[in-house]
Structure formats: structure tokens, C-alpha cells
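Subject: Structure handover

Hello,

Here is the structure you were expecting. My notes follow below it.

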Amino acid sequence: MASLNAAAPDALSVLRRTFGHARFRGPQEEIVRQVTEGGDALVLMPTGGGKSLCYQVPALLRPGTGVVVSPLIALMQDQVAAMAQLGVRVAALNSSLDAGQARATERALVDGELDLLYVAPERLTTGRCLDLLGRSRLALFAIDEAHCVSQWGHDFRPEYLQLSVLHERFAGVPRVALTATADPQTRAEIISRLCLEDARIFLSSFDRPNIRYTIVDKLEARDQLLQFIRSEHPDEAGIVYCQSRRRVEETAVWLRSKGVRALAYHAGMDAAERSGNQSRFRDEDGIVMVATIAFGMGIDKPDVRFVAHLDLPRSIEGYYQETGRAGRDGEPADAWMAYGLTDVVQQRRFIDQSEASEEFKRISSAKLEALLGLCETAGCRRVRLLEYFGEGAAGCGNCDTCLNPPHTWDATEAAQKALSTIYRTGQRFGAGYLIDVLRGQTNERVERLGHQQLKVFGLGADIDERAWRALFRQLVALRLAEVDHEAYGALRLTEESRPVLKGEQRLHLRQVVDRERRGTQKRSSATTELGPGASARLFRLKTWRLEQARAQGVPAYVILHDRTLVELAQECPQDSAGLAAIGGLGVRKLERYGPMLLELLAQ
Ligand code: ADP
Ligand code: ZN
């Protein structure tokens with residue numbers, strides 16, 4: 001069919017021909033139109049929502065080069081590789097280039113030979129780079145991970161503050177800022193620091209419906225984790241976050257001893273080993289990465305099937321960002337966390353003992369409280385999460401509390417017993433000892449201190465140890481008791497304890513569940529539904545992809561996504577028309593890989 005303006009490609013045909021996608025997703029089309037027409041935009045979209053297309057398509061549609069500011073070199077390299085695979089004229093300017101390479105890129109920019117240029121922020125804001133941009137034709141500026149301007153956020157990058165210069169020096173060039181961090185405070189900071197007052201704001205829902213949230217009562221965290229991996233995600237890729245380097249190392253070794261293909265990643269490791277592990281995680285199937293949060297931004301792997309937390313993160317933003325690395329491909333994925341009293345104690349101690357300003361401590365505390373509220377809620381986790389980001393929601397049916405609604409109980413009397421035990425033993429003991437006293441366990445220490453004479457001794461024998469542990473955790477989480485950091489975790493009363501002790505305030509708390517029952521409907525990912533023929537094809541396709549990735553020195557998903565491989569294995573196309581109908585195969589990839597794929601599928 002002849003088109004009137006065949007010379008000027010429209011957004012949809014760029015999407016189809018270059019990217020191989022059939023249609024825009026959600027607000028992408030509107031954003032692309034806004035930026036292509038020269039307007040500014042602030043794009044708030046969850047991880048995996050499809051932010052990159054929002055600037056890549058306009059950069060291809062508008063004359064000149066699209067300049068992308070991106071904070072991480074590793075991520076930049078992967079994006080450049082992915083764009084190059086699509087036949088886009090792309091380059092990067094960052095500290096990994098030698099002077100000759102940098103000069104060649106600069107020349108290509110000025111000569112108008114680039115569709116996209118990725119630049120590190122510290123580089124972009126140098127006088128030299130700004131002059132260079134001044135001499136070039138620019139299609140747009142895209143500021144990726146825009147929340148890095150937020151001074152309260154955990155990804156703060158001082159260089160990002162300098163980016164307001166773009167508005168001042170290049171007033172006519174449209175700017176689009178993108179982030180997956182959604183809280184209103186960060187949003188306001190982005191707008192003011194990047195001078196985006198006139199930008200159109202595109203706020204997507206931050207829900208990630210394919211992620212199932214589960215927070216379990218921490219008993220033996222490692223065993224619980226292993227059981228979770230074995231029953232839900234055997235041989236699948238996942239990330240396990242731990243707080244300390246030592247715990248990362250120990251957990252990785254332990255998981256390997258149990259037959260899980262686990263690798264470690266933290267900032268204290270030798271750089272070569274660390275990047276080697278990262279590449280293996282990215283390129284091979286079914287690797288579990290045990291890591292500190294140093295393993296974070298820039299993990300673009302689309303088929304991470306679970307993210308587990310063995311320790312409590314610092315805030316809901318952190319938790320949401322970390323768990324958001326699961327299931328970017330939209331297939332079912334899990335966010336799993338084990339949480340206990342020591343987590344609450346540790347996080348409070350970090351804040352109390354930090355050298356930071358009082359204001360910073362106050363904000364950190366408020367963030368921790370919100371996270372504890374999420375952990376202790378008897379309601380839907382997703383509703384809590386989305387409310388935190390200012391979004392309303394209804395019960396989701398895909399979190400632990402929706403699938404197995406926990407009971408709540410009137411814990412007033414038990415709390416009174418617990419608090420008076422703290423008081424009568426002199427506010428000098430931790431939860432373990434207090435539980436012994438409550439349950440009437442005699443031991444050498446109890447006898448030495450004469451605590452079996454106390455009125456509270458044995459008063460709580462009707463409640464088992466695990467339930468008492470949960471109650472003490474809840475008391476601390478609710479600030480009805482607090483931990484004395486100087487006295488090895490001894491619990492003491494607070495101002496808030498009094499109304500409960502006096503019976504003026506009743507307490508309804510979440511009850512611990514006996515066993516962690518998962519939803520009965522076991523979800524199957526696309527892969528497990530394949531028949532034997534398709535499974536064999538998928539295996540061959542994956543082997544081929546790994547060879548390609550190794551030979552070209554790019555991540556496997558840059559060659560083709562899992563979802564594309566699954567579709568290929570399922571549909572098993574026999575000619576190029578059949579191939580073209582598969583999602584994720586644009587013109588360039590069809591040319592390059594089509595013949596190989598057809599041959600492989602014909603076997
Ligand atoms: P984000 O940067 O928001 O985390 P990406 O831009 O990396 O997300 O996109 C996430 C995934 O969704 C990628 O695998 C991408 O190829 C895919 N994707 C994005 N837009 C579309 C679309 N319109 N159709 C099909 N797949 C898409
Ligand atoms: Zn729910």
C-alpha cells in the first residue's frame with residue numbers, strides 16, 4: 001500500500017522495522033509523539049516498562065543525534081551493543097575509551113553520522129563536550145535514571161546536578177528525563193533540579209503485576225531460601241541480596257554446597273572476578289547471584305525469575321528497585337524476603353549510630369518505619385507498596401497475604417506480659433532470655449539471677465517460642481519496646497509502652513503462620529509449557545545464542561531475548577515470512593540471523 005509520506009518514517013514503522021515489535025506499550029506512543037514534536041517529558045515508569053524506546057524512537061525520527069545521559073558505563077556498553085545489533089548508528093563517550101576512539105566518536109557526532117550517543121554525566125558537563133554538542137545537530141537529550149539528582153536517594157550522583165546546564169545552553173533541544181523511582185518527593189526534585197517545570201509528566205502505574213511478593217518470618221533464613229529456590233525456581237536465574245560482604249560469600253559457598261549454581265558479587269571483590277561473575281550471570285542460564293546492593297543499577301537481564309532478600313533493605317524505594325529486577329520480561333517472577341527481629345534491630349542501629357545529620361536520620365527512620373509497616377501488614381503487600389508511591393490499588397491476588405490471608409489476634413494481654421517481663425528483669429535482657437522467663441524455662445542464668453521468683457515467670461507458657469519471637473519483633477517494629485544498642489540488644493520500654501501496659505490501648509497483630517504455604521496454583525512460566533519437541537529446539541536455540549554472544553562479546557539477551565527464543569521454539573517458522581512474525585526480530589536481525597535460525601529450526 002502506498003503511503004503519502006513514504007519518505008518520512010512514522011513512529012510505528014520504526015518500531016516494527018528497527019525493533020521488531022508489533023505495537024507500542026502503554027504510554028510509549030504518547031511519549032514518543034511528545035518528544036518527536038519537540039516537547040519535554042518526564043517519564044515515570046517501573047523497571048521493565050519500556051522506557052528506552054521512549055527516547056530511542058524519537059531519536060531515530062528527529063534529525064540529528066539523540067544524546068543519552070546514563071550513569072553506568074557497564075550498562076551503557078550493553079545498550080550500545082543492543083542498538084548496534086538493530087542497525088542503529090550508535091556510540092558512547094565515557095572513560096573507558098582511549099583518546100583516539102574518543103576523537104573518532106566526536107568527529108562522527110559533529111559530522112552528523114550518529115543516531116544515538118550515550119554519554120557519562122561527568123563527561124557531558126565538561127566545557128569541551130558542551131562545545132562539541134554546540135557544534136552538532138541534536139535531536140534530543142535523554143536523561144536516564146533521572147532520580148540520581150535526588151540528594152535523599154540512594155543513587156545520588158553529584159554530577160547529575162550539573163545537568164541543568166542542558167536547559168540553559170540548548171534551549172531548543174527537547175529533553176526527556178526517565179526514572180523508575182516514583183515517590184512524589186523524588187519527582188519534585190527531578191523537576192526542579194533539571195528545570196523540567198514545562199515538561200509533560202507521564203506517570204505510569206508502578207505496579208508490576210507479574211511479580212509475586214512474599215515476606216516470611218525469618219527462622220533459619222538460609223534453609224528457607226534453599227527451600228524456596230528448590231520448590232519454586234530450580235535452575236532459574238535469580239538474585240539473592242545480603243547486607244554484608246561476608247554474608248554474601250558465606251551464602252554463595254553454602255548454596256553451591258547444596259547444588260545451586262550460585263556466584264558472589266560485592267564491592268570488596270577483585271575487579272576481574274567480580275566482572276567475570278557478572279558476565280556469567282548475564283550470559284548463562286540459571287545462575288543465582290548472591291550480592292550486596294553494589295550489584296544493582298544496570299542489571300538489565302530480562303529473565304531474572306526471582307529476587308530474594310536475606311536481610312531487610314533500608315527503605316521501600318530500595319526494596320522496590322531491587323525486587324524490580326525480577327521479571328523484566330513480563331513473565332511470572334517472585335520477590336521473596338525473610339524478615340526477623342534482628343533485622344529491625346540492625347537497621348535501627350545503623351541509623352542511630354550513623355554520623356549523618358539529624359535531618360538525614362529522621363528521614364531514614366521514617367523510611368524504615370514504612371518498610372516495617374509493609375513487613376508487618378496483614379493486608380495486601382501490593383496495596384501497601386503502591387500506596388507508598390501515591391497510587392491507589394485493590395487487593396492483588398498475587399502476594400502472600402492475598403493468597404494466604406494471615407489471621408490477626410488480640411495480642412494485648414501477651415504484649416502486657418512481654419512488656420512487664422522486660423520491666424521486671426531490669427530492662428537488661430534480649431528477646432531470647434525474656435522468652436525463657438515467660439515460658440518458665442529454668443536454666444543456670446535464670447536461677448543465678450533468681451528470676452524464677454518473678455510473678456511473670458512461666459506466665460506465657462501457653463504461647464510457643466516462635467510466636468513470642470514474632471511478638472517481640474512486632475513490639476520493636478511498633479516502637480512499643482526499643483533496643484539498647486549499648487547493651488547487646490537488651491530490650492527496654494518506651495513512652496509508647498505505657499498505654500499498652502495500663503490496658504488503655506489494645507493491640508491487634510498479625511499472627512505467625514505455621515508453615516509457609518504458597519499459593520496452590522503453581523504458576524508455570526512460558527518455558528515449562530513447551531512440549532518435548534519445542535523444548536529440544538529451545539535448548540538448541542539457547543546454545544546457539546550463547547555461542548553468538550561469546551563470539552561477539554555481548555550479553556546473550558542482546559542477541560535475542562528469551563521470549564523471542566521461546567516463540568521461535570514454539571512456532572518453529574520454516575521461512576522468512578514466518579520468522580518476521582516473531583516478536584523481537586527487526587529487519588537487521590532477520591538479515592543477520594534469519595538464515596542461521598531457519599537452519600537450526602529445520603533440524
Ligand atoms: P525499562 O528501561 O523501563 O526498565 P526497557 O526499555 O529495558 O525497560 O524495556 C523492557 C523490556 O520490554 C525490553 O525487553 C524491551 O525489549 C521490551 N519492550 C519495550 N517496549 C516494547 C514494546 N512496545 N513491545 C514489545 N516489547 C517491548
Ligand atoms: Zn496482594
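**Ligand 1 and its surroundings**

A polar side-chain atom of Q28 sits 2.9 Å from a nitrogen atom of ligand 1. Before you use that distance, note that this is a predicted model.

How much of ligand 1's accessible area does the protein cover? On its own, ligand 1 has 560 Å² of accessible area, and the protein covers 81% of that.

- R23 uses its backbone. One of its backbone N or O atoms is 2.8 Å from a nitrogen atom of ligand 1.
- R25 uses its side chain. An N or O atom there lies 3.2 Å from an oxygen atom of ligand 1.

Which residues come nearest to ligand 1? They are G48, K51, S52, R328 and H561, out of 15 residues around the ligand. By type, the shell holds eight polar, four charged and three nonpolar residues.

**Helix packing**

Two helix pairs are worth a look in the viewer.

Helix α11 covers residues 221-232, and helix α12 covers residues 245-257. Their axes come within 11 Å. The crossing angle is roughly 50°, so α11 and α12 are oblique to each other. The crossing of these two helices is right-handed.

The second pair is α15 and α16. Helix α15 runs over residues 341-353, and helix α16 over residues 358-376. Their axes are 9 Å apart, and the packing angle is about 165°. The crossing of α15 and α16 is right-handed.

Best wishes

Methods: Residues are numbered from 1 along each chain as its sequence is written. Chains are lettered from A and ligands numbered from 1 in the order in which they are written. This is a predicted model: local features need pLDDT of at least 70, side-chain atom pairs count only at pLDDT 80 or more; totals for chains, interfaces and linings use all residues. Side-chain values use heavy atoms; hydrogens and water are left out. A residue is near a molecule or strand if one of its heavy atoms lies within 4 Å of it. A polar contact is a pair of N or O atoms within 3.5 Å; within protein, one must be able to donate a hydrogen and the other to accept it, and residues adjacent in sequence count only if both atoms are side-chain atoms. Accessible areas come from the Shrake-Rupley method with a 1.4 Å probe; for residues, only the protein chains shown count as cover. Ala, Val, Leu, Ile, Met, Phe, Trp, Tyr, Cys and Pro count as nonpolar, Asp, Glu, Lys and Arg as charged, and the others, Gly among them, as polar. Axes are lines fitted to C-alpha atoms, for helices over the stretch in contact, and angles run from 0 to 180 degrees between N-to-C directions. Helices (H or I, at least four residues) and strands (E, at least two) are DSSP runs, numbered from the N terminus. Angles under 35 degrees count as roughly parallel, over 145 as roughly antiparallel, 65 to 115 as roughly perpendicular and the rest as oblique. A crossing is left-handed if the near helix is turned anticlockwise from the far one by less than a right angle, and right-handed if clockwise.
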